[in-house]
Amino acid sequence: MLDTVDIQRQLSERFGQDTLHPQITADGLPTFWVPRDRILEVLGFLRQNSAPAYRMLYDLTAIDERAREHRPNQPISDFTVVYHLLSLFPVAEIRLKVALLEDDLSAPTATGIWPNANWYEREVWDMFGVTFNGHPNLRRILMPPTWKGHPLRKDHSARATEFEPLHLDPKRQDIEEDALQFKPEDWGMERESGDTEFMFLNMGPNHPSVHGVFRIVLQLDGEEIRGAVPDIGYHHRGAEKMAERQSWHTYIPYTDRVDYLGGVMNELPYVMNLEKVLGIEVPERVKVARVMLCEFFRITSHLMFLGTYVQDIGFMSPIFWMFSDRQKAYDVIEAITGFRMHPAFFRIGGLSLDLPNGWDRKVKEFIDWFRPRLNEYERMIVPNGLVIERSRHIGAYSQDEAIDWGITGAGLRATGVNFDLRKARPYSGYENFEFDVPLGHNGDCMDRLTVRIEEMRQSTNIIEQCMQNMPEGPYKSDHPLTTPPVKERTMHDIETLIAHFLTVSWGPVIPAMESSTMIEGTKGLNSYYSISDKHTMSYRTRIRTPSFAHLQQIPLISQGGLVADLVAIIGSIDFVMADVDR
Amino acid sequence: MIFGLSEHDIISIGLTAIRTLVILLGSVLVAAMMIWVERRLLGLWQDRYGPNRVGPFGLLQVVADMIKIFFKEDWIPPFADKAVFVVAPAIIMLTSMLAFAVIPFTPTWTVVNLNVGILFLLAMSSLGVYSVIFAGWASDNKYALLGAMRTAAQMISYEVFMGLSLLGVVLLAGSFNLGVIVESQRGMWNVIPQFPAFVIFFLAGCAEIHRAPFDLPEAEQELTSGYHTEYSGMKFGMFFVGEYLGIVLISCLVTTLFFGGWLGPWLPGFVWFALKAGFFMCFFILLRAATVRPRYDQLMAFGWKVLLPIAIINVAITGAIVVAQS
């Protein structure tokens with residue numbers, strides 16, 4: 001690919017030919033292995049001086065390579081740290097890898113280049129035991145502080161039955177409780193300053209407005225927030241580890257529950273990623289149906305945001321109205337997919353079922369119902385003086401801050417950055433739809449609110465266009481690895497029968513590959529990075545979720561506000577804890 | 001003659017005692033019913049049902065809840081200041097119920113016909129602050145403390161405007177006696193000449209009983225339950241009923257001070273009073289369903305920068321007019 005050649009030329013001019021070791025990946029993303037001692041220079045160069053400049057640290061993760069069999073033309077490595085950078089204008093991605101050996105699992109920290117490397121590096125340490133030298137606070141982030149081992153290592157058990165039975169006796173309970181005790185000194189916080197003694201207020205993991213099991217400890221001077229320490233991991237279910245023991249096909253329902261308000265939206269990057277690798281071209285009908293369902297989920301997710309946000313600032317009624325709208329949307333989704341919140345409807349190479357008879361009537365009913373309701377909400381909420389008082393200039397961040405912290409989705413567009421992946425690099429046929437990308441300019445709670453309201457309207461328009469222009473055709477592509485395979489000819493010849501039997505019982509075998517696919521999810525950019533070792537199960541699945549990055553920024557944007565502002569900020573970010581912890 | 005009291009005295013003492021009991025029980029009963037009314041009305045406005053299973057229209061839900069709350073464990077957190085923790089909810093009940101003593105429901109139905117009725121009311125509502133502060137302090141819980149801190153600031157500020165807004169009414173009636181104030185509205189309800197005062201009083205009243213949108217002391221989204229976070233069982237129940245007593249009280253006061261109390265054609269006085277008060281009770285609920293909660297500092301700024309000047313100007317103008325007319 002041209003941009004691979006171009007960036008490789010730039011990098012080798014700067015760092016010399018033998019520093020870089022390119023790797024061909026199935027997704028065609030420029031991928032380079034960089035020696036550990038040069039990685040910071042390379043990252044710094046790519047952020048500032050290359051063309052295009054990869055301004056955003058999109059993802060940082062690791063791979064335990066010790067059990068991997070198929071690594072053609074890759075340097076020796078026990079653990080590989082993977083940096084995934086993103087340039088917004090023009091849209092370009094690059095992947096850098098650092099090989100580490102088991103007896104020296106350490107890499108330099110990138111926190112000096114990107115502030116959001118902090119949590120990602122903690123996660124890699126937590127999950128793989130890779131140390132990042134110079135990291136300000138390298139401690140567990142997702143697992144409990146008392147956990148033994150690093151879960152995403154291949155030698156760590158995956159199933160509860162492989163562990164000793166857990167007994168939460170009072171002694172253990174005390175130990176766990178003590179481990180969670182907040183000590184300001186651990187986070188470099190003062191207990192007092194001058195004549196002010198700070199109050200440390202523990203919010204969550206059970207608190208009405210932390211939206212799930214999110215804990216944040218506040219350093220308060222009166223009610224003013226001086227510092228905040230988010231603590232995540234209470235919703236960690238090991239979604240990435242589970243991918244390593246589910247077949248490629250049976251993992252689809254797990255993806256639904258990552259951003260549990262996103263439903264089929266989560267399946268899209270996962271199945272598109274595999275389709276890209278396998279070279280499956282899905283029929284037009286599938287593309288449009290996928291877009292339609294995804295937009296339905298964007299609406300239900302944004303409605304949830306809108307209702308909870310205004311409830312967080314004390315307006316109790318709208319959430320109930322929005323729940324009835326969501327029910328209407330789920331009625332349509334249920335009629336089409338057979339399930340409401342987590343339909344597991346997309347398949348590798350198509351859909352699970354064709355659209356039912358009369359689906360368009362139900363969709364039209366929803367559009368007719370929802371449009372006036374949305375207008376009414378907008379009239380009621382946006383001009384409301386108290387809503388403005390509580391949201392304007394609250395939790396604001398600039399475009400540069402947003403990009404530095406890996407903020408994507410509505411949070412990024414609220415600052416005025418015109419970046420919507422559906423427009424910038426259309427996938428699944430988004431280029432065929434007419435819709436606008438709403439933008440804000442202050443990057444505050446109010447803009448995040450108005451941007452999402454307008455996005456719902458645009459999503460309704462997209463759904464309407466899907467309804468009017470749904471192509472005829474098959475709902476599954478005719479490809480041997482389409483899952484479950486097309487059954488028509490199975491009873492006619494033995495070869496097809498065998499293939500069918502194997503793909504259904506074992507699941508498809510995906511050739512050895514590495515690939516990632518990004519989409520504009522409900523909360524921001526969401527991507528799946530799958531590595532296959534030519535098995536029926538994934539070797540490693542990395543889920544890059546937007547909420548993880550968004551949450552990390554809370555301490556920065558809540559500084560100096562009041563407790564009530566923090567509640568508004570948390571509400572305006574629109575995160576889902578399952579999306580953060582996976 | 002018993003204890004130096006004539007038969008007439010005994011009868012009048014007996015009658016007062018009965019009246020007191022009826023008003024006391026009546027107000028608590030209405031407050032309890034308000035819980036049901038609020039839940040049903042909110043349900044209506046929010047496209048849902050609200051309690052509709054226990055008894056006709058779900059009316060017995062309150063009874064069921066009360067029974068449940070009575071049988072709950074009476075738990076006091078080990079870290080709490082026990083005595084103060086227990087006293088706090090009693091204070092709010094006591095002050096709210098005492099305040100009902102001076103309200104003239106009809107020309108004859110008043111417990112005490114105090115000459116300084118309004119001052120008594122203001123005193124009672126001031127005392128109510130202690131309940132919240134004690135509760136927040138004694139709980140030894142940071143959320144409770146923050147709630148109490150907010151309350152102290154909010155209630156003390158809003159008391160100022162509440163008092164000031166009433167001065168206009170007092171000037172017009174020439175008396176602190178609530179009965180006299182009602183009688184003075186025969187020609188025209190006070191709400192017309194004293195409209196700004198009415199608005200201020202209503203807002204301040206809302207803040208006094210910390211109802212939405214002025215429910216910052218117990219803002220669920222921020223402070224879980226604020227000052228009563230640590231309370232459960234009947235002690236929580238007392239705070240809960242205390243809040244609804246507050247609604248009933250403020251509605252009765254608005255009726256008395258600005259809407260001519262029992263005055264009205266055709267229907268008996270008490271019916272008029274109940275209708276007017278009921279309207280305001282429902283209005284409180286509507287307010288809760290339809291407003292956004294301001295931030296603590298915004299609430300204070302609104303009070304001191306907007307309400308205070310209006311209240312003062314109102315008093316000055318009313319005073320000038322009264323002087324000019326006399």
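**Figure 1. The two assigned domains of chain A.** In this predicted model, chain A is assigned a domain 1 (4-133) and a domain 2 (239-581); such bounds come from an automatic or database domain assignment. The centres of domain 1 and domain 2 of chain A, taken over C-alpha atoms, are 28 Å apart. Contact, meaning heavy atoms within 4.5 Å, links 39 residues of domain 1 of chain A with 39 residues of domain 2 of chain A. Together these two domains of chain A bury about 3,200 Å², with 56% of it on carbon and sulfur atoms. Buried area is the accessible area (1.4 Å probe) that two parts lose on being put together, summed over both. Residues are numbered from 1 along each chain as its sequence is written, and chains are lettered from A and ligands numbered from 1 in the order in which they are written. Local features need pLDDT of at least 70, side-chain atom pairs count only at pLDDT 80 or more, and totals for chains, interfaces and linings use all residues, while side-chain values use heavy atoms, with hydrogens and water left out.

**Figure 2. The largest nonpolar core.** A nonpolar core is a set of buried Ala, Val, Leu, Ile, Met, Phe, Trp, Tyr and Cys residues joined through side-chain atoms within 4.5 Å; buried means under 20% relative accessible area, exposed over 50%, and partly exposed in between (1.4 Å probe, protein chains only). The largest such core has 164 residues, and L11(A), Y83(A) and F214(A) are among those with the most contacts inside it. Helix α8 (residues 284-312) of chain A gives the largest share of this core, 15 residues. Because domain 1 (4-133) and domain 2 (239-581) of chain A both contribute residues, the core lies between them. Leaving aside residues up to four places away in sequence, L11(A) touches several residues, including L20(A), F32(A), L46(A) and I94(A).

Figure 3. Helices (H or I, at least four residues) and strands (E, at least two) are DSSP runs, numbered from the N terminus. In strand β4 (residues 79-87) of chain A, 9 of the 9 residues are buried, so the strand is largely enclosed by the rest of the structure. Both of its faces are covered, with Y83(A) among the buried residues on one side and H84(A) among those on the other. Two strands pair if DSSP finds at least two bridges between them. Strand β3 (residues 56-64) of chain A runs antiparallel to β4(A) and is joined to it by 8 bridges; D59(A) has H84(A) as its bridge partner. A further antiparallel pairing, of 9 bridges, joins β4(A) to strand β5 (residues 92-100) of chain A, where L85(A) stands opposite I94(A). β4(A) and β5(A) form a hairpin with 4 residues between them.

**Figure 4. An open sheet in chain A.** The 3 strands of this open sheet follow the order β15-β16-β17 (chain A), with antiparallel pairing. Its edge strands, β15 (513-520) and β17 (538-544) of chain A, each pair on one side only. S516(A) has Y529(A) in β16(A) as its bridge partner.

**Figure 5. The interface of chains A and B.** Here 34 residues of chain A are in contact with 27 residues of chain B. The area buried between chain A and chain B is about 2,600 Å², of which carbon and sulfur atoms give 59%.
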